[in-house]
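Hi everyone, thanks for coming. Let's take a look at this model together and talk through a few of its contacts.

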Amino acid sequence: MTVQGLFSSKSAAAAQISAKPRFAIVGRGFSGMMTAIALMKTVRTPFHLQLFDPNSSVSGGQALSSAPASTILNTRVRDLSVSAGDADDFNDWLCSNAEFRAAVPAAIPGFRQIFVPKEIFSDYVYKRFSEALSARKDITVQVCPEPVVAIRRSHGSRFLLESGSCANPLFDMVVLATGYGLPGTEEPGQDLSPVRAQRLIARPHTVLLGSGIRVVDQLLQLRDAGYAGQITILSRHGFLPQSHTPNSADPVFPAEALPSNLPEILRFIRTACHEAEREGRSWQSVMNGLRRHARSLWRGLPAHQKRQFNRHLRAIYDSHRNRLPEAIYARLQTELASGNTILRRGTSGRQGLGGLFFRPAGSQSDEIVHAERILDCRCRGPQLTSPLLASLLNEGLALPDELSLGLAVNQCGQPCLDDGSVVEGLFAVGPLGLGSLPDIDLVPEIVNQAYAVGERIAMQFYPQSKAV
Ligand SMILES: Cc1cc2nc3c(=O)[nH]c(=O)nc-3n(C[C@H](O)[C@H](O)[C@H](O)COP(=O)(O)OP(=O)(O)OC[C@H]3O[C@@H](n4cnc5c(N)ncnc54)[C@H](O)[C@@H]3O)c2cc1C
């Protein structure tokens, strides 16, 4: 293993690198790091890997990037393994960590069912990355702390990347793992506080925009920090995250053939949930089962029904799939019951000097919500207008999906073109494919996709190589 920059002789490093095929990963969030791990474990012949990202930490996507390191994740340990075919890898890593074992003795003999803080999962991902790197004396890795602003085909099947400062070499393969884009001025979680509100409110009042996990994290952070004022959550649909079950809900799903149109699919799922509960199981296990069918169901829907789903049902789906650990859900319910936090359904508009224009659901007119602080906790999708993605679209290297939620990709993230062909050597992993692959923003799905990319590259570039 060599990380360029630690090399004392640059020319020796350059000579070593130039002989190897070059791979680039753009974005070093979870999807980028996971793809790097998968490549190191799957592609058994030497290569040079260049990782681009001006952001130095694996932050947890927009749902978690501004959350403190101690924030508890909403997925159980058993679903966060980064090892292909070994669902217990994260649990085993925790079991081998004496400090963690001492701190969480009640969970012995294993930690599969528990929820851990964000920092522990980050440590685990970095550790597995550095172990995979140490095991490969034959590869070189270079970290470039700069954004990539454009990508073009060059010299036939190779790629030219334009990034901040240096002239880059040509790459044989590029993985885009840019998730929700570069942190910028429109970043969710930003403080939109009005300037005159202090004089217009009788008591401290904070507004949170959105309704996902991010809102709940922000609400509990404010309370943990001692904030006792009124908190109003303004949400278009008003669906807050639901609760996990005390123990993991093993996936169940009816064996009958699934209907093919949206209203019947909904009836089918509702009935399955009722039946599961009648049989002493939970609706959560049906939702977990549904995730295994989500991709084929989504693929089978005509575009207008996909749009309908997006407009009317996505918020409900998200509130049932992104669930809260029971204890956190109970805290949220207590907050709402206290009346000191209220949830209002409606549309938030522009912000004036003293507050926010808000149209309550069912009303024909706006009102102004006065607050000394307005925090935007809404999640946004990948930005197709960013310079990098715009260049990709202009070059004909990718197309938006039907709903323009992201790029049109196949299961292993290869961009799909109008004529049904895919762009060889190029991949878009993680949330960039959300419009084509439901749930591709979640850890288990990203892990599977990263290994699929690794296998595809191993086959494409080195048909004789074998995965380990
Ligand atoms: C600590 C942690 C905890 C998590 N917890 C959960 C969980 O409990 N449950 C669950 O299912 N999922 C969880 N996730 C997954 C998470 O919800 C996101 O879906 C996931 O992090 C998305 O990762 P990403 O790398 O695709 O996107 P992002 O996290 O958005 O990262 C994208 C990266 O690309 C960089 N970038 C963007 N544009 C450019 C450019 N032009 N050039 C160079 N770089 C660029 C950005 O700076 C950023 O670092 C977790 C992830 C982490 C790391």
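So, a polar contact here is a pair of N or O atoms within 3.5 Å; within protein, one must be able to donate a hydrogen and the other to accept it, and residues adjacent in sequence count only if both atoms are side-chain atoms. With that in hand, a backbone N or O atom of Val148 sits 2.9 Å from a nitrogen atom of the ligand. Before I go on: this is a predicted model, where local features need pLDDT of at least 70 and side-chain atom pairs count only at pLDDT 80 or more, while totals for chains, interfaces and linings use all residues. Residues are numbered from 1 along each chain as its sequence is written, and side-chain values use heavy atoms, leaving out hydrogens and water.

Which side chain has an N or O atom 2.6 Å from an oxygen atom of the ligand? That's Asp53.

Okay, on to helices (DSSP runs of H or I, at least four residues, numbered from the N terminus). Two packed helices are described by the angle between their axes and the distance between the axes. Axes are lines fitted to C-alpha atoms, for helices over the stretch in contact, and angles run from 0 to 180 degrees between N-to-C directions.

Take H8, residues 262–278, and H9, residues 283–300: their axes come within 9 Å and cross at roughly 150 degrees. So H8 is roughly antiparallel to H9 (the cut-off for that is over 145 degrees, and roughly parallel is under 35). Who's touching, with contact meaning heavy atoms within 4.5 Å? From H8 we've got Ile265, Ile269, Ala272, Cys273, Ala276 and Glu277, and from H9 it's Trp283, Val286, Leu290 and Leu297.

Now the other pair. H2, residues 30–42, and H6, residues 118–134, have axes that come within 9 Å and cross at roughly 30 degrees, which means H2 is roughly parallel to H6. Among the residues meeting there are Phe30 and Met33 in H2, and Phe121 and Val125 in H6.

Note on methods. Helices (H or I, at least four residues) and strands (E, at least two) are DSSP runs, numbered from the N terminus. Angles under 35 degrees count as roughly parallel, over 145 as roughly antiparallel, 65 to 115 as roughly perpendicular and the rest as oblique. Contact means heavy atoms within 4.5 Å.
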